[in-house]
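This report covers helix packing and pockets. Please look over the sequence and the model before reading on.

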Amino acid sequence: MVLAVAVLYIGNATLVLYVLFVIAEFILKGKNCQWIDVFQIVLSILFTRVINIFDRYINIDVTHMWQKLLVLLAAIICTGIGAAVSVNMKFVPNPGDGIVAAVADRIHKKMGITKNIFDVGCIVCTVIISLVFEHRLVGIGIGTICAMILVGRVIALFNHFLLIPMANMTGLAVPDQYLDAIQIEEVDEERRTAES
C-alpha cells in the first residue's frame, strides 16, 4: 500500500528514497551521527511537498532544444553549488547530498568524485529496475546522463576554488581529503601558531 501511494506523485517516491538515504547515512556514520542529521527527514518532507506542487501545478514549457539545454545547465550548476555549500557549511543537507557526504567521509574521498560514482550507481539501479519491470529504459535521458557527469564536477570545481576560502571565512575545518600536502602543512602550521 505504501509503495502504491508513493508512486502516485514523484515527490512521494522521492520522500521514500530520501528516508532510506538518511537511514543508510546513520549506518555509515555510526557513532559520528548527530541529532541534527535527523532534520534531513524534516527537510525531505518539506522539499518533496514542493516537488509535488511543482509537478502538479507548475508547468515550465520550453520548446526549443537550446532552451532545454540552457535550463539543464542552470539546474546542474545550481544543484552542484547548492550541494557543495550545504555540505561544506554544515547546514542540514538534502539527503541525496548527505548520503554522498557520508560515503565520501567513510571512504576518505572528495565529495565531487564520490557524487559521480554514487550517481553512476543510481543510474545502474534505474536501468536494472526499468528493464526488469518495464522491459525498456524508463526515466533516463540526456538530462540524466549530463547531471550524472556534471553535478559532481561542479561540486569538485566549486570546492577546488572556494572550499578553503569559505572555511577560512567561517572558521570551519576543512577535511584533510580536500587538502594537498602543501595545504596540510600550512593548516598544521596555522594550528600550531594558534595554540602557542
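## Terms and basis

Helices are DSSP runs (H or I, at least four residues), numbered from the N terminus. The model is predicted, so local features need pLDDT of at least 70 and side-chain atom pairs count only at pLDDT 80 or more, while totals for chains, interfaces and linings use all residues. Residues are numbered from 1 along each chain as its sequence is written, and side-chain values use heavy atoms, with hydrogens and water left out.

## The largest pocket

A pocket is found on a 1 Å grid over the protein atoms alone: an open set of points where a 1.4 Å probe fits, with protein on both sides within 12 Å along at least five of seven lines; lining residues have an atom within 4 Å of a point. A volume is the space filled by probe spheres set on the points.

The largest pocket has a volume of about 2500 Å³. It is lined by 46 residues, and Ile10, Thr14, Leu17, Gly139 and Thr144 are the closest to its centre. Helix 6 gives the most to this lining, with 12 residues. By class, the lining of the largest pocket has 30 nonpolar, 10 polar and six charged residues (Ala, Val, Leu, Ile, Met, Phe, Trp, Tyr, Cys and Pro count as nonpolar, Asp, Glu, Lys and Arg as charged, and the others, Gly among them, as polar).

## The second largest pocket

The second largest pocket holds about 720 Å³ of space. Of its 31 lining residues, Lys29, Val87, Lys90, Ala101 and Asp105 are the closest to the centre. Helix 5 gives the most to this lining, with six residues.

## Packing against helix 7

Axes are lines fitted to C-alpha atoms, for helices over the stretch in contact, and angles run from 0 to 180 degrees between N-to-C directions. Helix 4 (residues 65-88) packs on helix 7 (residues 142-170) at about 45 degrees, with the axes 8 Å apart. Helix 4 is therefore oblique to helix 7 (angles under 35 degrees count as roughly parallel, over 145 as roughly antiparallel, 65 to 115 as roughly perpendicular and the rest as oblique). The contact of helix 4 with helix 7 has 16 nonpolar, five polar and no charged residues.

The axes of helix 6 and helix 7 come within 7 Å and cross at roughly 165 degrees, which means that helix 6 is roughly antiparallel to helix 7. Contact (heavy atoms within 4.5 Å) involves residues including Asp119 of helix 6 and Arg153 of helix 7. By class, this contact has 11 nonpolar, four polar and three charged residues.

Key:
Helices (H or I, at least four residues) and strands (E, at least two) are DSSP runs, numbered from the N terminus.
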